[in-house]
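Let's take a walk through this one, a residue at a time and then a helix pair. Have the model open and follow along.

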Amino acid sequence: MKKLRVWCINFMLMHLFLTLISLPILIGWGLPLSLVSPLGNLIFSPFLSVYLVCTVLLFFTELISVPNTLIVSALEAISHAWLWCMSLLTDAIHIGFAKPHPLFLLLIPLMACITVWYFRMRLHRCIMALSILLVSVCGILCTIPTHVQEFTVARGADTIQCIVADNHVAIIDQQGVLSHCATADQWVLHHLIPAITQKTGHMHIDYCMLMHPRKRSFDAIAALSTVITIQHIYLPRWTGMLSKSAWHAYKHMCACIEAKGGSITEYEVPFFINLGEKAILSYIPSGKTGRYHDAVYPIFVPDLLNKC
């Protein structure tokens, strides 16, 4: 019992210290902080240890031609168990932070090191002090105000426009960035989401404006919805038929969005989106049309209006 108590104390101390040390890196890269990381670290090590042992045994049994059906079954069971654990997690367990002044980020690991050094002989007080420091840092980061701002996320020569106003986040794919490359879904996961989190600290998108209905755009938005909450999607209403693959991608995107409580709106007339008390996003027809296979759709022009 005493060994278990000592192990728990050391685990908590190590986890808090490593969280504070890695927090500036997470914020700098636009990555969120997970609220279940202590539980994840607690169960990940046993899973990883058992998985590595099984893979090593599988390798050597294949090498010497020994039957390994039980080992393969064990690996499959471990994989299914881990995927089941991951499926229980939701978007609410992640907290994003806007990137503050670099000096503040440097102070976080410095304060953690000073705290550990000062309470090095009193582990209980050290854990309490690190906990207070972590809560204080997160509280300060959460109070960083976000004003009306516009920024762009570049992909080659094209960009996606992002607007933040009164805690509302809108992204506009005016140039069809998401439809230009076969790896648009990976670009969304590894570049667009971190950029939004780094700039705004938000882990949600209130309005996603797709100006060009394409298969790759649908795939990218479906991938985006798996890691971040999307409340509303707007796309132009088309006439004619999409390709079979594009239609299946569209239905898959609708299923992903609606499964998380989002909505999809098809527009064909001018409309306005109220971004809180500070801004209005208007959409007016440009008089031009776009074509994708046999589908024809109107092209609209967005305009951000600041309220007085």
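**Threonines, a glycine and a helix pair**

Threonine 115 counts as buried, because its relative accessibility is 11% (buried means under 20% relative accessible area, exposed over 50% and partly exposed in between, with a 1.4 Å probe and protein chains only). Before going on, note that this is a predicted model, where local features need pLDDT of at least 70, side-chain atom pairs count only at pLDDT 80 or more, and totals for chains, interfaces and linings use all residues. Residues are numbered from 1 along each chain as its sequence is written, and side-chain values use heavy atoms, with hydrogens and water left out.

Threonine 115 sits in helix H4, residues 102-118 (helices are DSSP runs of H or I with at least four residues, strands are runs of E with at least two, and both are numbered from the N terminus). Its side chain reaches back to the backbone oxygen of methionine 111, at 2.7 Å. Leaving out residues up to four places away in sequence, threonine 115 touches Cys126, Ala129, Leu130 and Leu133, where contact means heavy atoms within 4.5 Å.

Now look at another threonine. Threonine 69 belongs to helix H3, residues 69-87, and it counts as exposed because its relative accessibility is 59%. From threonine 69 to leucine 58 is 11 residues in sequence and 9.2 Å in space, C-alpha to C-alpha.

Next, find glycine 96 in the loop between strand S2 (94-95) and H4. Is glycine 96 buried or exposed? With a relative accessible area of 12%, glycine 96 is buried. Setting aside residues up to four places away in sequence, glycine 96 touches Pro32, Thr197, Gly201 and Met203. Threonine 200 is 104 residues from glycine 96 in sequence, yet their C-alpha atoms are 8.3 Å apart.

Finally, the helix pair. Helix H7 (residues 215-225) and helix H8 (residues 244-259) pack at an angle of about 20 degrees, and their axes are 8 Å apart (axes are lines fitted to C-alpha atoms, for helices over the stretch in contact, and angles run from 0 to 180 degrees between N-to-C directions). That makes H7 roughly parallel to H8, since angles under 35 degrees count as roughly parallel, over 145 as roughly antiparallel, 65 to 115 as roughly perpendicular and the rest as oblique.

On the H7 side, the residues that meet H8 are Lys215, Phe218, Asp219, Ile221, Ala222 and Ser225. Their partners in H8 include Ala249, Tyr250 and Met253. Sorted by type, the residues of this H7 contact with H8 are nine nonpolar, three polar and two charged (Ala, Val, Leu, Ile, Met, Phe, Trp, Tyr, Cys and Pro count as nonpolar, Asp, Glu, Lys and Arg as charged, and the others, Gly among them, as polar).

Terms used
A polar contact is a pair of N or O atoms within 3.5 Å; within protein, one must be able to donate a hydrogen and the other to accept it, and residues adjacent in sequence count only if both atoms are side-chain atoms.
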